[in-house]
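Dear colleague,

I am handing over the structure we spoke of, together with some notes on what was found in it. Please open it alongside this message.

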Amino acid sequence: MSSTPDAKPSTSAYWMPFTANRQFKKAPRLLTQADGMYFRDEQGRQVLDGIAGLWCVNAGHNRPRIVQAIQQQAAELDFAPPFQMSHPKAFELAERLVQLTPAGLNKVFFTNSGSESVDTALKMALAYHRARGEGHRTRLIGRERGYHGVNFGGISVGGMVANRKMFGTMLSGVDHLRHTHDPARNAFSVGQPQHGAELADDLERLVALHDASTIAAVIVEPVAGSTGVLLPPQGYLQRLREICDRHGILLIFDEVITGFGRTGQPFAAQTFGVTPDLMTVAKGMSNGCVPMGAVFAHQRIHDTFMTGPEHLIEFFHGYTYSGHPLACAAALGTLDTYAEDGLLTRASTLQSAFAEAVHSLRDEPHVIDIRNIGLVAGIELAPRAQEPGKRAFDVFLDCWEQGVLVRTTGDTVALSPPLIIEPEHIDRLVNTLRQALRRVA
Ligand code: PMP
């Protein structure tokens, strides 16, 4: 008979991701319920969700259509193997999704997360060139201060130092564009910064260095979120598109945080008027309820795989849970909810009120820049000497004490509320942040 394991403190076994585990265990922040714009914590306090969970709960929490869709699906078909078979909802979801994407991006490959979407897109780019007889195009170009998840492809093309420095080995043959953050010229821009389109020409430098014939793809986030909410300067993405076209390089947009309404259109590609060849999404696709991601591929890319000799499998890639029935059901419920509430364009209606509110923090202590578009904003603080990120983290803790959830990334406080937000929530969010900035100062 097995004996009862020794009693252990309930916080001892869980090694938490992305968390200062030692600090957390002294002052745990445990969420137990959520509804609409609010979480509830273990003490029963209501916490206003200023970040849509983690840029994902775009329709707000506990939406009945999504809950019912998941419940019903679990009882009906819990799993279908993704290997040489599927289930109807995966097809239905793909059809529904491509009604929303920019023209041409009408093939959908399902994954379970943003990191998986990124690595899938990178592999698709390499395989596409190989399928066309250009297998010498193996080089991948990312950008400094890019975040593309935590798998090896993503951290290799990513430019977030903390994500890379512990791990040593990265993919070989990767290079990086310069980032576009230029506070000297663009601080406190409202919406897209004016200066910096020419930074896209940095791709020409890499083409000259490596030769275009070695380059498979360039991947960028239209708005870099995890490294501080960095917006593309006006004209930058257009110029990147032109250079890619000139040299036969695929352009990949990582829309894991910008997808599904964050910037005022379904995708940032539409907000900025630039269509990539491949687009990665996750998060808002299933409203964060069940893990799910996808890569949207241009028809031309997909068709390249279909025109060669017929093999048993054209693109040898996928996951056990690709197009999982529960995730598909959740995503269909999510798309219904977005449509019924007009959420995929709601950020464009609210963005001027949101911009006005966040820019009212301009004169608060230590604020050195504010960046925004749609319903996302970054408030950058001057770092404390010897303690990068600590001031923003203290602001996060203070807001938490006041019952408001914000996120920090480095010295930037990021806001990305659910798209159902109302003006009174915006006031509370920004005023709580204002008080926190003053107290922490
Ligand atoms: N790409 C971007 C742009 C992201 O912001 C994120 C997550 N914040 C990812 C990829 C990774 O997504 P996930 O955590 O679902 O793997």
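Predicted model: local features only at pLDDT ≥ 70, side-chain atom pairs only at ≥ 80, totals over all residues.

Residues are numbered from 1 along each chain as its sequence is written.

The protein is divided into domain 1 (21-62 + 343-440) and domain 2 (67-341), with bounds that come from an automatic or database domain assignment. Taken over C-alpha atoms, the centres of the two domains are separated by 26 Å. Across the boundary, 35 residues of domain 1 are in contact with 32 residues of domain 2, where contact requires that the C-beta atoms of two residues, placed from the backbone, lie within 7 Å. Helix 14 (346-359) is among the elements that each supply at least two residues of the side of domain 1 that touches domain 2, and helix 14 gives the most to that side, with 6 residues. Helices (H or I, at least four residues) and strands (E, at least two) are DSSP runs, numbered from the N terminus. The residues on that side of domain 1 divide into 16 nonpolar, 14 polar and 5 charged; here Ala, Val, Leu, Ile, Met, Phe, Trp, Tyr, Cys and Pro count as nonpolar, Asp, Glu, Lys and Arg as charged, and the others, Gly among them, as polar.

An open sheet of 4 strands has the order 1-2-3-13 with mixed pairing, two strands being paired if DSSP finds at least two bridges between them. Its edge strands, each of which pairs on one side only, are strand 1 (31-35) and strand 13 (404-405). Strand 3 (residues 46-49) runs parallel to strand 13 and is joined to it by 2 bridges, with L48 standing opposite V404 of strand 13.

F296, which is found in strand 10 (residues 293-297), is buried, because 30 other C-beta atoms lie within 10 Å and the cut-off for buried is 20 or more (12 or fewer being exposed, and in between partly exposed, with C-beta atoms placed from the backbone). Not counting residues up to four places away in sequence, F296 touches T101, L105, V108, L278, M279 and V281.

Of the 14 residues around the ligand, those that come nearest are S113, G114, S115, G149 and V256, a residue being near if its C-beta atom, placed from the backbone, lies within 6 Å. Helix 5 (residues 114-131) provides the largest share of this shell, 3 residues, and by class the shell has 5 nonpolar, 7 polar and 2 charged residues.

With best regards
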